[in-house]
Amino acid sequence: QQQVELAIQLSSFNHIRGGFSGGIQLGEWHELSDQYNLERLIVSFVSSIVLVVGFLALVIGVLGKGEKMLLTFGLFSIGVAVRAVFSVPFVYHDLPFDISYIWATKMEYVSTNVVFLLYVWFIYLLFKALVSKIIIYGSVAILGALALISLLTEPVVFQTLFFHTSYLMMAFVIYGVVIIIVALKRKIEMAKPLFLGVLFVFTGLIFDLLSGMGMINLPPMSLFTIAANVMLILFFIGNRYANQLVEVKKLNHELLEMNKTLDDKVQLRTKELSEANN
């Protein structure tokens with residue numbers, strides 16, 4: 001057709017979700033629909049993997065008599081998966097039950113703050129000797145308050161507050177990177193994967209933050225960078241436990257050998273004593 005009609009519904013542009021969350025795309029319906037569904041499929045697949053990793057770490061942490069590091073990592077991974085459902089491209093629309101726009105937005109921001117909080121705590125558990133408790137507890141308090149405010153207020157309130165306080169979080173990011181660099185110099189375990197993971201995660205978060213503020217126009221990156229970080233940490237945690245298992249087996253073998261040697265010595269001494277008595 002030479003003439004095309006567009007029907008556009010608009011809302012307040014002062015709202016972060018007011019207007020378009022992405023650029024307008026024109027083309028054949030089936031091509032645009034396939035592209036849209038592919039994006040949702042990829043997000044669903046990646047978030048499902050992260051969710052499984054989170055539950056696995058959580059179960060191992062509980063069975064390991066409440067190991068805090070694994071429990072925190074598991075909750076962090078589950079939070080990442082939950083956040084992916086409620087952020088772009090809004091996979092929650094495919095759930096078998098209806099969630100209102102307001103509550104979906106609340107869940108996106110609550111999960112964002114909780115995920116950041118758990119990551120801060122994870123770094124604290126790994127590098128207790130290097131971090132300042134005041135900074136850690138302060139960051140946790142701010143993030144917890146933001147999560148609570150997101151539940152109790154309207155999006156126009158908590159979204160604005162979130163972006164205004166994001167600079168404080170950037171300050172903690174810089175502090176966290178410094179801590180990890182110090183840990184690298186001291187050759188502390190898990191410093192290398194965390195350093196790479198922090199670079200992945202905060203690169204994605206910064207891109208998403210700038211996109212949310214309208215400074216750049218990119219697809220959501222944080223899910224994929226966080227997923228990469230989760231898999232990286234999972235690999236090194238698995239490697240650490242595998243090394244511990246090998247070490248335990250080695251020690252058990254040495255203990256068995258020592259017991260066998262001790263038994264042989266006892267038998268020899270018993271035989272010598274018997275002969276001496278005779």
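**Helix packing in the model**

Trainee: Does α3 pass α5 in a left-handed or a right-handed crossing?
Mentor: This is a predicted model, in which local features need pLDDT of at least 70, side-chain atom pairs count only at pLDDT 80 or more, and totals for chains, interfaces and linings use all residues. Residues are numbered from 1 along each chain as its sequence is written, and side-chain values use heavy atoms, with hydrogens and water left out. A crossing is left-handed if the near helix is turned anticlockwise from the far one by less than a right angle, and right-handed if clockwise. Where α3 passes α5, the crossing is left-handed.

Trainee: At what angle do α3 and α5 pack?
Mentor: Helices are DSSP runs (H or I, at least four residues), numbered from the N terminus, and α5 covers residues 155-185. Axes are lines fitted to C-alpha atoms over the stretch in contact, and angles run from 0 to 180 degrees between N-to-C directions. The axes of α3 and α5 lie 12 Å apart, at an angle of about 15°.

Trainee: Which term describes α3 relative to α5?
Mentor: Angles under 35 degrees count as roughly parallel, over 145 as roughly antiparallel, 65 to 115 as roughly perpendicular and the rest as oblique. Because the two helices pack at about 15°, α3 and α5 are roughly parallel.

Trainee: How many charged residues has the contact of α3 with α5?
Mentor: Contact means heavy atoms within 4.5 Å; on the α3 side the residues include Lys-106, Tyr-109 and Phe-116, and on the α5 side Phe-158, Gln-159 and Phe-172. Ala, Val, Leu, Ile, Met, Phe, Trp, Tyr, Cys and Pro count as nonpolar, Asp, Glu, Lys and Arg as charged, and the others, Gly among them, as polar. By class there are eleven nonpolar and four polar residues, and the number of charged residues is one.

Trainee: How far apart are the axes of α1 and α2?
Mentor: Helix α1 spans residues 29-63. Its angle with α2 is about 155°, and the distance between their axes is 7 Å.

Trainee: How is α1 oriented relative to α2, and what is the handedness of the crossing?
Mentor: Because the angle is about 155°, α1 is roughly antiparallel to α2. The crossing of α1 and α2 is left-handed.

Trainee: How many nonpolar residues has the contact of α1 with α2?
Mentor: Among the residues of α1 in this contact are Val-50, Gly-54, Phe-55 and Leu-58, and α2 contributes residues including Leu-71, Gly-74, Ile-78 and Ala-81. There are five polar residues and no charged ones, and the nonpolar residues number 17.
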